[in-house]
Amino acid sequence: MALVAVFPLTPGSVAVTSNVTLAGISTESGKTARVVSKFRPNVPILTFVLNEKVYHQLSLAWGIWSINEPNADNLDALIKRSNDEAKAIVGAVEGDIMVITAGVPLGSKGSTNLLRIERVK
């Protein structure tokens with residue numbers, strides 16, 4: 001079954017059509033997570049946030065599972081953390097497809113410029 005998930009990238013948006021099973025978002029302000037949530041994708045949205053206030057705000061958004069902890073130091077660490085949390089929180093299994101969005105360099109506010117498709121390992 002093909003699922004459609006829409007993920008924003010500045011200044012427009014990208015539509016990804018595949019067997020996506022979850023989205024992983026590294027966010028400082030929560031804006032990217034809220035925009036993705038607005039499209040109500042048929043997949044869980046995992047967000048990694050540092051700010052406790054943003055963590056609580058995102059708990060009110062549709063389909064978002066927030067993790068209140070520091071962002072990963074680098075992209076590889078973010079992908080590994082996304083894999084671990086996907087398995088623990090939403091029951092993802094090896095081979096599931098996830099879409100990861102983040103601002104590179106990681107931790108920079110207002111700079112979502114990365115969309116990466118990964119398989120859960």
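Start in helix 3 (residues 75-90), where Lys 80 and Asp 84 sit four residues apart and so are separated by about one helical turn; helices here are DSSP runs of H or I with at least four residues, strands are E runs of at least two, and both are numbered from the N terminus. You are looking at a predicted model, in which local features need pLDDT of at least 70 and side-chain atom pairs count only at pLDDT 80 or more, while totals for chains, interfaces and linings use all residues. Residues are numbered from 1 along each chain as its sequence is written, and side-chain values use heavy atoms, with hydrogens and water left out.

Now show the side chains of Lys 80 and Asp 84: they form a salt bridge, with the closest N and O atoms 3.2 Å apart. The term means a side-chain nitrogen of Lys or Arg within 4 Å of a carboxyl oxygen of Asp or Glu. Lys 80 is exposed at 53% relative accessible area, and Asp 84 is partly exposed at 33% (buried is under 20%, exposed over 50%, partly exposed in between, with a 1.4 Å probe and protein chains only).

Next, select Arg 81 and Glu 85, also four residues apart in helix 3. Their salt bridge has its closest N and O atoms at 2.6 Å. Arg 81 is partly exposed at 30%, whereas Glu 85 is buried at 11%.

Move on to Arg 116 and Glu 118, whose side chains meet in a salt bridge at 2.6 Å, N to O. Glu 118 is buried at 11%, and Arg 116 is partly exposed at 30%. The whole structure holds three salt bridges.

Finish at Pro 41, in the loop between helix 1 (31-38) and strand 4 (45-49). Pro 41 is buried, with 4% relative accessibility.
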